[in-house]
Structures are given as C-alpha cells and as structure tokens.
Amino acid sequence: MPIQDYIEKAKSVLDKNWTGEYTVPSVHLYPHQWNWDSGFIAIGYSRYNMERAVKEILHLFDAQWENGMLPQIVFNKKALGKYFPEPDFWRTDLSPYAPKNHLTSGITMPPIHGYTVLKMFENAREKDRLIPFLKLIYPKLIKLHEYLYLERNPDDNGLIYIRHPWESGMDNSPMWDPILERIDITKVKIPEFQRKDDKIIDPEQRPKDIDYKRYIYLVDIFRKNRYDEKKIFQECPFLAVDPLFNSILCASNEALVQIAEIIDEDYKKPEEWFLMTARAVRDNLFSSEKKIFFAYDYIEKKLIEVETAAGFMPLFGGIASTQQALKLYEKLNSLSFCRLGEKNCFAIPNYDKKKKDFSSFNYWRGPIWININWMLYQGLLRYKFKQKAEHLEITVMELPMRFGFYEYFDSFTGKGYGTKDFSWTAALFIDLAYDMYEKGRKEWETRSIGKSIILNINGEHIPVEDEEEIKRDFYCLTEKIIKNFSKNGSVDYDRIRLSPEYKLYQNTVSKFANKDILKFKSEDEEKAFWINLYNMLVIDSIIRLNIRNSVKEVDGFFSNIKYRINGKDYSLDDIREILRKFNDKRVPFALVKGTNSSPPLRFFKRKNINRLLEIAARDFIRSPEVIVLPEDNRILISELFRWNDYYFKNKDDIIQFIKKYVKDDIKKDFLNKNDDIELRYLLYDWTLNG
C-alpha cells in the first residue's frame, strides 16, 4: 500500500498524544482533553484500534455535567499550569451541575459525538461487540442534545445559540468580529490573565490580545453567574446561532436515529430534533443572493453577513435543499474559496480569500483546517458533488503527507502552522486512507457470462437510413444520456435504464452492425466516435447485465462483451487497441471503466475533441489518482498508467505527462529539477461509479 508509510506516521502522532485514557490534541500546546477533537480522533481510532476509540468517548462523557452539557475541556490534573485558562480561572465548581470527579471548562463545543459513535459502529469489524457501548453511550448523547434544546433554544424553533466564540470551535473567525467589537474593553472590567499559547506558537498565527480580553470577559460573566444558563442569557453580549454548530447537531441527530434503530430504542425524539433544526437553519440562515448560510446575531436580530467555511456546513448536516446545495456549490467552487483547477490553491480556506482581512496563516481567519475540509468532503459526497469531493479528499491527504501533521495549513503554499503532531489531522487522514485502502482491496463475487455477448444484435434486421443521420443520432443520444444522467463523476444507471433516450440509443447502435455502414471524414471524428462508443458500451453493459456494485462482478467484462460495428465484433479491449493508432496519451483519461477510480464521464464532441481531451487529462492529473509529494521525492499514481504502458513506456514518460498538467509551482519545480523521483501505484477502486 503506497500510503502505508504515512498511515504509520499518523498513528505515531496519535500514540504520542495518547495518555492511556484519552488523546490530547497535541502534547506541544494542548495538554488536556478537548471536546470535538476527541470526536474526530475516535473516528480515526475506529479504523484500527476500537478499544481506544471507545475509551476516548467514555472518558469525555464521564465529565458530562448533570444538566447534560459536555464541556469544551476536561482538564488533566497532572498537567495543570501549561495552558490558559485552566480550572482556577473557570471556577466551574461554582455550578451545582459541574461534575465532581473532573475539572472542566464551563462551555461546550459542536456536538459531533453522535455522528462519531455511528461512524465507529460502521467501521467496526465485529459490530456485535460494540452494541454494549452503543447502549451505554446513547442516553448520554440524548442528554447532551436535550441540554441544547432545553437551555440553548430560546425561541423553541430548533436554532441553538452559542455564548462564546470558543463554543463554535472557530475561535477568532471573522464572523464573530461584529459581535465581539461591540464589547468596548475600555468600558468593562477584565480580569488579569497571562496567555501561554503565544509563547509557544508564533503570535502572528494566533488570536490577538484584544480578542483574548473579550474571550476572558465573557468567561468572567459565566463564572459570576455561577454558570446559570438563564442568568447568562440575560447578561451575555455574545449570543449567536452558528451554522456550523447547528449543522453538526443535525448530523448527530440523524446519527442518533440510526443508533436508536440498531439498539432497538425509540428514535422519535432525535428525529423531531433533526427535522426542527434542519428546517429552521434552511429557512432562516440562508442567503440566496450571497449563496451561503450565515451566522445569526441573536441580540441584534440579524444575519452576520461574513462568508466563512461554516456557511457550507449545512451540506454536512443534510440541511440544504437541492436548490440551496447548488448555490452553495457555486460559491464553494469559486475564487473566494478555491475553484477547481485554480493555481496554487489548497482545498477550502476558512474565510473568503478575496476579503482584505483574509490571512492565509492566522488561525481561523483564512488557513485550511483538515476537520472542516473532511466534513465538507462528506457533505459534498452526500449531495453528489463527486469531483469537488475528490478534490477535498486529495487535499486532506496530501497536506499532511507533504507538510506534516500540523494544526492548520497555509491556503496558498500548504505550509503547516500552529502546533505540530496534531491529533485530528492524523486521525482524519487515517480515516480517508483506510477508506481508500478498503475500496481498493475489496473482493467481488464474480459470475461468468460464458462466450462473447453481442449487445447490439437482437436477431432482427435493422434497416439503415442515411449514414450521417445515424451518426448524428448516436452523438445526440450519447450527449443527452451523459448530460442528463451523469453528474460530477457519478452515473445514475437506474434512471438511464428507464429513459426514452436509452431505448432510442439501443435502436441506433444496432444499426452500426451492418457492414461498411460507418466511414469517417477525419481522424478527430474517428477518435471521438470510438471514445464515446467505449463509454456507452460500458454503460450499456452495466445496465444489460444488471451490475449493481462493480464491473468485477462479471468475468470477462472488458473482453467478452461486445458491439458489432461494420460487421466486426469489438470488445472494450478491442476499442482500446483501435484508439492506440492515434498515439494520443490523453485518450486513456477519456475512457471510463464504470469505476470510482475512472475519470468522470464526459461527452466528446467531434469538433473540439482536442480541447476536451486536454480537460480530461488535466482533471485526472489533479484528481486523487495522482498525488505529487515533492517533500518526499515521490509521486503516487493510478494503475491506469501501468495498464497503458503503450503510451507510457518508462518513468520519464509518466513524469513529463504529469508535469504538463500540475498547477502548483512547487510541484512544477520538483518535476523539472528532480531526476530521481520514486513512483508508487495507488490501489484502484473498482466500486461502481453510480
């Protein structure tokens, strides 16, 4: 496995941060247990060490408050003095609800934990053994959500407010500036304090001192009110409805419904919560004009129109309507947040990079965070934006592979910032790496079709009209099928099966069986015909043979299923041989094998086939099927290069081809200067692309 070395590095990060009971975010800066960090960390552990994943969650929930609140930090008594603020400042002992057996902070964080527990179950190899854990943790998860809906839901509409920027997880995000700036630090009393984070990490990468003064002012309000939610609500100047917090809550509500079904509990309550919050976020926080969800200032009763990555999180929570999702994608895939194919741009930055106060290196004011991109990846997959999802997938994996397992990364150069050896970066890398590995290693039950099958022959004589008209029909119907039933690399085979276009296509392609019916006027026309025919033969074969999971289900898929063309029978392998005569290295990246590792399905027009082949090759090189790692002197590449050694006869052929299409300047320099590059092949994912 070519990424196994990096998986081991990620595991060593988690080992370094493991205390025996839980995992700290990083021994270098964060010496305690953090709330949502542990949720992400447990997802990574569940891929290879379920015992640790369970311990991680149980230790966190052992510190749950009696009112259900899950604290932001569970402090390690043996590590006190290394972080600020710590228990002596929080004074949560003033609250009758604070746990007696743990020292904690007095705020919460985004409730990812229901989602985490479901992922743990899905990743478990022995699911029955995890059932007792599900039964133990489920009432604690319900209690957490009840706290949010009883104490943080003032209008009883499902919009949950936060009372401190730290509760959003995005501490100094620009979306909190309008609220925080109303706190005039010259007119309020702020307790004395001494920061420690900016002594360990470059202060330019951290929140400013004025931010911390406001953060501490809010904490002082909480402790003066003995953490009484009703009193805090009356006095606190920071009350905000966060789209990220509410979206994660929705994802966990949805997960609780599924967990309840697994352990035979009533799921009515989490289902009602999901529907209520999803509807409220969808109806109240979306800006159709700006194409993004905004936070809401509960005190001023207005949207905070600041565009951050939090505004895309309703994709993760399953909140966005279809029309909202399309608008979100338009904004997400723009120059504001890194467009597909954009030069020197990594994944989704946390803030609109066209804004004047954008920073590519300052904490939550612009850099790339792995957890945010991991959640957006899940959301994009959910809404079938496959190509953009793959772009985020490769970034979540590439950044730590190239620059190390840092806390966050520069939006333009990829350089790691914050603390090194960051746990959720390692854990979420492991999650995606295992997912890639398991797809590539999956075995399929194979059935034989015996001798060759000719799909466009049904025993009837099909009268032939004008040759040009038949070709026009073929191109027209092929284009319609691909345009109507293929999106972002995913193909809807069931809808194609039922469509009138497919019925007409079958009739048209049967006419090609006649001898000497096809003649080509140019090389470009012939190339376009055979590429489109290859891709349509794959689609036709998958539908006609009722393939549900992988083309690997059928023995001889590429050699024994054929079309009769001009009186001769051609399999998919035969068509590949025909296309070799054009000696065009871009062709393999236009042929779709009906798999997740294939290039996305496209229609290739005769008139502009060269431009379309350029796009196909470029997009493939910039997909997760090619990972260029200059820092390790290595390139991870798709098996397609090995299978097309007719075009790529040696390592230099491959490197020169890749170099033509990479957009990152560092990668270009690496490919230009380095003669001793190591090539490794990625596992090929044979799962059906639909």
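Is Asp421 buried or exposed? At 14% relative accessibility, Asp421 counts as buried, a term that stands for under 20% relative accessible area, with exposed meaning over 50% and partly exposed in between (1.4 Å probe, protein chains only).

Before the tour continues, please note that this is a predicted model, in which local features need pLDDT of at least 70 and side-chain atom pairs count only at pLDDT 80 or more, while totals for chains, interfaces and linings use all residues. Residues are numbered from 1 along each chain as its sequence is written, and side-chain values use heavy atoms, with hydrogens and water left out.

**Backbone features**

Keep Asp421 selected. Its place is in the loop between β10 (416-417) and α17 (423-441); helices (H or I, at least four residues) and strands (E, at least two) are DSSP runs, numbered from the N terminus. Phi of Asp421 is near 50 degrees, a positive value in a residue other than glycine.

Select Asp264 next, in the loop between α12 (243-262) and α13 (268-284). Asp264 also is not a glycine and has a positive phi, of about 60 degrees. At 72% relative accessibility, Asp264 counts as exposed.

Then go to Phe84 and Pro85, where the joining peptide bond is cis, with omega near -5 degrees. Pro85 lies in the loop between β2 (73-74) and α4 (87-90). Most residues other than glycine have a negative phi, and most peptide bonds are trans.

**Cysteines**

Select Cys338 and Cys345. These two residues form a disulfide, with sulfur atoms 2.3 Å apart; the term denotes a pair of cysteine sulfur atoms within 2.5 Å. A search of the whole structure finds 1 disulfide. Cys338 is buried, with a relative accessible area of 0%, and Cys345 is buried at 5%. Two further cysteines may be selected: Cys236 is buried at 3% relative accessibility, whereas Cys476 is partly exposed at 36%.

Move to Asn484 in helix α18 (residues 467-485). Asn484 is partly exposed, with a relative accessible area of 38%. Not counting residues up to four places away in sequence, Asn484 touches Arg495 and Glu501, where contact means heavy atoms within 4.5 Å. The C-alpha atoms of Asn484 and Arg495 are separated by 9.3 Å, and the two residues are 11 residues apart along the chain.

Now select helix α20 (residues 500-510), in which Glu501, Tyr502, Tyr505, Thr508, Val509 and Ser510 are buried. Display α18, α19 (493-498), α21 (523-544) and β16 (561-565), which are among the elements that cover these buried residues.

Select Glu639 in helix α25. Glu639 is buried, with a relative accessible area of 16%. Its side chain makes a polar contact with the side chain of Arg642 (2.7 Å). Such a contact is a pair of N or O atoms within 3.5 Å; within protein, one must be able to donate a hydrogen and the other to accept it, and residues adjacent in sequence count only if both atoms are side-chain atoms. Leaving aside neighbours within four places in sequence, Glu639 is in contact with Tyr681, Leu682 and Tyr684.

Continue to helix α26 (residues 651-661), whose buried residues are Asp653, Ile654, Ile655, Phe657, Ile658, Lys659 and Tyr661. Around them, display α24 (609-621), β18 (626-629), β19 (634-637), α25 (639-643), α27 (665-673) and β20 (678-681), against which they pack. At the start of α26, a side-chain oxygen of Asn650 reaches to within 3.1 Å of the backbone nitrogen of Asp652.

Finish with the cavities. On a 1 Å grid over the protein atoms alone, a cavity is a set of points where a 1.4 Å probe fits but cannot get out, and lining residues have an atom within 4 Å of a point. Grid points are joined across faces, edges and corners, and a volume is the space filled by probe spheres set on the points. The structure holds 5 cavities of 30 Å³ or more.

In the largest cavity lies about 260 Å³ of space. Select Tyr30, Trp34, Met109, Asp171 and Tyr363, which lie nearest its centre among the 23 lining residues.

The second largest cavity contains about 50 Å³ of space. To see its lining, select Arg576, Leu579, Arg580, Val587, Pro588, Leu591, Asn644 and Tyr647.

Technical notes
1 Å grid on protein atoms, 1.4 Å probe; cavity = no way out; pocket = protein on both sides within 12 Å on 5 of 7 lines; lining within 4 Å.
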